[in-house]
Amino acid sequence: MGFEIRRPQLLAARPSPASAAGEAPLFKRSSSREWEGRAARYFFFLCAALSIFTTVGIVVSLFSQALAFFGEVSVWEFLTGTRWSPILKPNSYGVLPLVGGTLLVSALAALVALPLGLGTAIFLAEYAPDRLRRVIKPVLEILAGIPTVVYGYFALTFVTPLLQIVFPDMIVFNALSAGLVMGIMIIPMVSSLSEDAMMAVPRSLRQAAYALGATRMEVSLRVVVPAALSGIVASFILAISRAIGETMLVTIAAGATPNLTWNPLDSIQAMTAYIVQVSLGEAAHGSLEYNTIFAVGLLLFMMTLLMSLLGQWVVHRWREEY
Amino acid sequence: MDRREVVLKADRLRVWYGSFLAIKDVDFQAKVGMVTALIGPSGCGKSTLLRSFNRMNDLIPSVKIGGSVEFRGRNIYDSSVDPTELRSRIGMVFQKPNPFPKSIFDNVAFGLRVNGYTGDIYEAVERSLRQAALWEEVKDRLNKSAFALSGGQQQRLCIARALAVEPEVVLMDEPASALDPIATLAIEQLIRELSRVYTIVIVTHNMQQAARVSDETAFLMVDDDRAGYLVEHGDTQQIFTNPKDERTEAYITGRFS
């Protein structure tokens, strides 16, 4: 009965000419509302379309310029050559030293970020009392919000000198320092996504484990982490793609020496750092030298694309229902 | 009332969540090899009482306990008691089936592994599944996911999982409330079977179920202060046919719920 009393009040409260005239056309659409709905739809479509067009534009420009490069250098030579010297003669266009540099730094970063990030996530999700969690989470978000150029100079001017105490022969620009700092940089990505995945594991599973006499450690490692594994692995993959694409830090701290090496104390050049170097240099627009950056950029794009496809596959494949 | 040995004994038990008193001054006993049912209206604290027997309430940060709970004569809230150890001796089955997202085998083996079982795990898993009357249905697919089972089978799997660590007491928190009538019947038969070996305390909303499966029944109630308390505890037969307290009679005859 209550709503029957309420209803006329509701209509009366709405300033509409129809109710003022004494009749209330209940379900008639007002044309202004209809227009509003249509406008909103187009606006949101435009928002979505913009990012799609941008992506398509990037891919097209990458491909077309890279195509110009591959007209002169074979894909095979590019992908398998072990010497990268597009500027100094004799010229050589083997991209492996750049790929190696990127992978070396990313691997170092992963070595730091995956265990520490996962450990942080386990602590936050399973151990930390609420009050502590409320302190740690914002701090991690600050860590994630620091501009990468700051991390770059942190590596170059703080971490490298520290490392030189341990390795006195190490040169100033090196993969180790950049890799370690990049690892710290991507910890929040791993920890926050992994924590989300672990928090999504139902409490009932934890209770079941506790009720069987499992310790907190056993509940975390044998129940929660396996149940959240797809999210955790996805966070790993995302963080590694981030490391592969990271530019500023490696440009500043890792050096500009294309160098196919597994020694982290060496100076290297990452793919992104090379692109920066050439785009800031004096290479003539349209020259072979200039076009190398599109070939390298395309390869980089392929690598991160592959990582995110891998991520999607993992999430889909390892999804555990609970 | 039966004069068997008392396994679990609550003495003037009070449980607070923060400043909220959930149950007050509950005296309760569960005797060896018996099924004791906890019945009462919603919010009377029967689940809270059940969870204080294996210290599952400890997992809630704000919980406080007054009075004592003795398990085989020892106060389980004594600082020298390891709740992890305690829980391996007092098992629990929950309201909704909550198997781990693992294989059927690994579900049952979980408790054995975390408790460092040194015997033959396969044998123990088979024994537990047989005890839970599930072996014949799953013996050919032990490595399949537990989620492939029906709700009733999942709940029997959870019972098997609890039995695997050979507890002395099994606590059941409305174990059949999420199941259909046929699965419920299977669980009830299982409870009767298990009572030959285990001491069982079961919370149930369903009074027919309490009457069917239990030897003794405790009736809890709650007043306007929202703190649950024990009204009457006796042989199930007596509680359902000749209750001493008129509030018990009002409840079992359905005058309030």
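Predicted model: local features only at pLDDT ≥ 70, side-chain atom pairs only at ≥ 80, totals over all residues.
Getting from β7(B) to β8(B), the chain goes by way of helix α7(B), residues 181-194, in a β-α-β crossover that is right-handed.

So how does β7(B) itself sit in the structure? Five of the five residues in this strand, 169-173, are buried, so β7(B) is largely enclosed by the rest of the structure. Burial covers both faces: B:Val169, B:Leu171 and B:Asp173 point one way, B:Val170 and B:Met172 the other way, and all are buried.

Turning to the contact between chains, chain B puts in 22 residues and chain A 18. On the chain B side, the elements giving two or more residues are α2 (83-89), β6 (90-93) and α3 (104-114), with α2(B) supplying the largest share, four residues. By class, that side of chain B comes out at eleven nonpolar, seven polar and four charged residues.

Within chain A, the domain assignment gives domain 1 (2-70) and domain 2 (84-317). Their centres, taken over C-alpha atoms, are 40 Å apart. The two domains of chain A do touch, through seven residues of domain 1 and eight of domain 2. On the domain 1 side, six of the residues are nonpolar, one is polar and none is charged.

Note on methods. Residues numbered from 1 in each chain as written. Chains lettered and ligands numbered in written order. Nonpolar A, V, L, I, M, F, W, Y, C, P; charged D, E, K, R; others polar. Domains from an automatic or database assignment. Buried ≥ 20, exposed ≤ 12 C-beta atoms within 10 Å, placed from the backbone. Right-handed = clockwise from strand over helix to strand, strands pointing away.
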